[in-house]
Amino acid sequence: MNRTRVGFLIALGTLVVTACSVEDEAPLPGNQSGAGSGGSAGAAVAPMAGATSNSAGTPAAGGSANASAGTGAAAGNSSAGTPSVGGGGAGAGASTGGSGGASGGASGGAGGGISMAGAGGGASHTVKPSAGCTKGSTQVTLPNSLVGVPTGYDGKTPVPVVIAFHAAGNDNTSIQNAFKNSDLAKKYLMVYPNSESATGAKNGWNMQADKSRYLAVRAAISSDACVDENRVYATGHSSGAQFVVQLLCSGDGDFAGVAPVASSVYCQKWKDGAVPSLIIHGVKDQERTMYGLNDGDGKKDLQPYLTSNMCEMTSTPFQPVVTSCNINSGIDGKPFNPGCVEFSGCSVKTRWCNHNDPQYGTSNHGIPCFGVRAIYDFFESL
């Protein structure tokens with residue numbers, strides 16, 4: 001495997017901003033001010049295996065569909081942030097399908113640990129059943145959230161869980177739509193919380209207003225669902241990704257792994273140490289050039305992950321599955337490039353995809369065409 005040594009000269013500062021949808025209103029700078037009017041979206045009930053609720057409190061049946069797997073073009077040498085990888089595929093939007101690898105990770109929770117192959121993972125690991133497993137109920141009701149249960153969920157066998165945070169200018173239905181037909185949704189309990197402002201101004205996630213809402217959701221996952229406490233993961237897009245970062249900075253994010261898309265920097269190092277990470281960021285993200293961030297290529301965004309995970313400044317390219325990508329030219333005028341590398345010497349697995357998919361209008365700010373599948377593959381590899 002080829003490795004390329006790279007260096008970053010990054011001046012890090014604590015930036016406090018709010019992301020927004022390119023297609024919606026601009027955010028309030030700071031993301032620490034009032035989040036606007038909003039409130040509880042109610043509780044989502046997912047009553048059957050494979051079902052995903054369409055509105056809070058109103059479940060609807062719906063299984064998950066597989067897209068074909070496949071591989072992309074061979075990867076070449078890379079540098080951190082600008083790996084050179086070719087390859088294209090067929091079909092637009094987020095891809096799904098594929099198989100995973102080993103499972104694991106560590107986070108707190110209730111219940112004793114047992115060694116077994118947990119649901120949703122490929123290899124043996126220590127499963128820590130949540131308190132909710134004692135209820136044996138297939139009904140999952142969580143505050144302010146939409147919920148999707150994996151296929152075959154019986155309320156007794158611990159399953160991994162992904163908490164997915166929506167972008168500003170949206171509510172939780174937007175990110176639910178991105179994941180609901182994926183292999184991730186087939187094998188993981190999917191939880192889609194609403195921010196306080198989601199039912200009003202839609203200003204995105206606000207740490208002051210939404211931290212307690214998140215902690216209530218997290219507690220309810222343990223008490224009311226049957227999950228593996230050692231496999232609680234987080235992802236998010238834009239403001240939702242920024243919220244994941246803020247939880248890591250504050251020490252409130254007890255995640256076994258994270259996969260933020262289009263996040264930004266809030267601190268120089270996570271409070272509670274290393275966290276397995278897949279960071280997805282555009283090469284010319286127009287949203288991240290605004291609000292004083294000046295981080296269109298994501299290099300500032302990347303640095304706290306490398307510091308917290310104690311990575312070396314060398315990386316090896318890898319090619320994600322790109323069968324859902326029908327893109328010839330990227331936002332930078334170059335051939336489509338997912339731009340994915342895995343860093344060397346890290347204390348935990350750390351991957352970086354610096355892509356040129358122009359999605360989200362032409363802002364390079366969206367979840368890229370390979371993103372959902374890459375997130376699934378990453379969580380499965382832990």
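**Confidence and make-up**

The model is predicted. Its pLDDT averages 78 over the chain, and 68% of the residues score at least 70.

The chain has 382 residues, and 55% of them are buried. It holds six helices and 14 strands. Take the contacts between residues at least 6 apart in sequence: 72% of them join residues at least 24 apart. The accessible surface is about 12,900 Å². Carbon and sulfur atoms account for 52% of that surface.

**Disulfides**

A disulfide is a covalent bond between the sulfur atoms of two cysteines. How many disulfides does a search of the whole structure find? It finds five. With the bonded cysteines numbered in sequence order, the pairing runs 1-2, 3-4, 5-8, 6-10, 7-9.

| Disulfide | S to S | Angle about the S-S bond | Hand |
|---|---|---|---|
| Cys311 to Cys346 | 2.0 Å | 115° | right-handed |
| Cys325 to Cys369 | 2.0 Å | 100° | right-handed |
| Cys340 to Cys353 | 2.1 Å | 115° | right-handed |

Start with Cys311 and Cys346, joined by a disulfide. Cys311 sits in the loop between helix H5 and strand E12. Cys346 sits in the loop between strands E13 and E14. The two are 35 residues apart, and both are buried.

Next come Cys325 and Cys369, also joined by a disulfide. Cys325 lies in the loop between E12 and E13, and Cys369 in the loop between E14 and H6, so the pair ties together parts that are 44 residues apart in sequence. Are these cysteines buried or exposed? Cys325 counts as buried because its relative accessibility is 0%. Cys369 has a relative accessible area of 1%, so Cys369 is buried as well.

Then there is the bond between Cys340 and Cys353. It links strand E13, which holds Cys340, to strand E14, which holds Cys353. These cysteines are 13 residues apart. Both Cys340 and Cys353 are buried.

**Aromatic pairs**

A pair of aromatic rings is described by the distance of the centres and the angle of the planes. The structure holds 10 aromatic pairs. One of them is Tyr233 with Phe379, a stacked pair. Their centres are 4.5 Å apart, with 15° between the planes. Tyr233 belongs to strand E9 and Phe379 to helix H6, so this pair ties together parts 146 residues apart in sequence. Both residues, Tyr233 and Phe379, are buried.

Why is the pair of Trp270 and Tyr305 edge-to-face? The ring centres are 4.9 Å apart and the planes stand at 80°; edge-to-face needs over 60 degrees, so the pair qualifies. Trp270 is in the loop between strands E10 and E11. Tyr305 is in helix H5, 35 residues away. Trp270 counts as buried because its relative accessibility is 4%. Tyr305 is buried too, with a relative accessible area of 1%.

Ring pairs also build a cluster: Phe165, Trp205, Tyr214, Phe243 and Phe255 are linked in this way. Elsewhere, a charged residue meets a ring. Arg351 lies over the face of Phe318, 4.8 Å from the ring centre.

Note on methods
Residues numbered from 1 in each chain as written. Predicted model: local features only at pLDDT ≥ 70, side-chain atom pairs only at ≥ 80, totals over all residues. Heavy atoms only, no water. pLDDT = per-residue confidence, 0-100. Phe/Tyr/Trp six-rings, centres within 6.5 Å; stacked < 30°, edge-to-face > 60°. Helix = DSSP H or I, 4+ residues; strand = E, 2+ residues; numbered from the N terminus. Buried < 20%, exposed > 50% of the residue type's maximum accessible area, 1.4 Å probe, protein only. Lys NZ or Arg CZ within 6 Å of the ring centre and 35° of its normal. Contact = heavy atoms within 4.5 Å. Areas by Shrake-Rupley, 256 points an atom, 1.4 Å probe, with all protein chains shown as cover. Disulfide = S-S within 2.5 Å.
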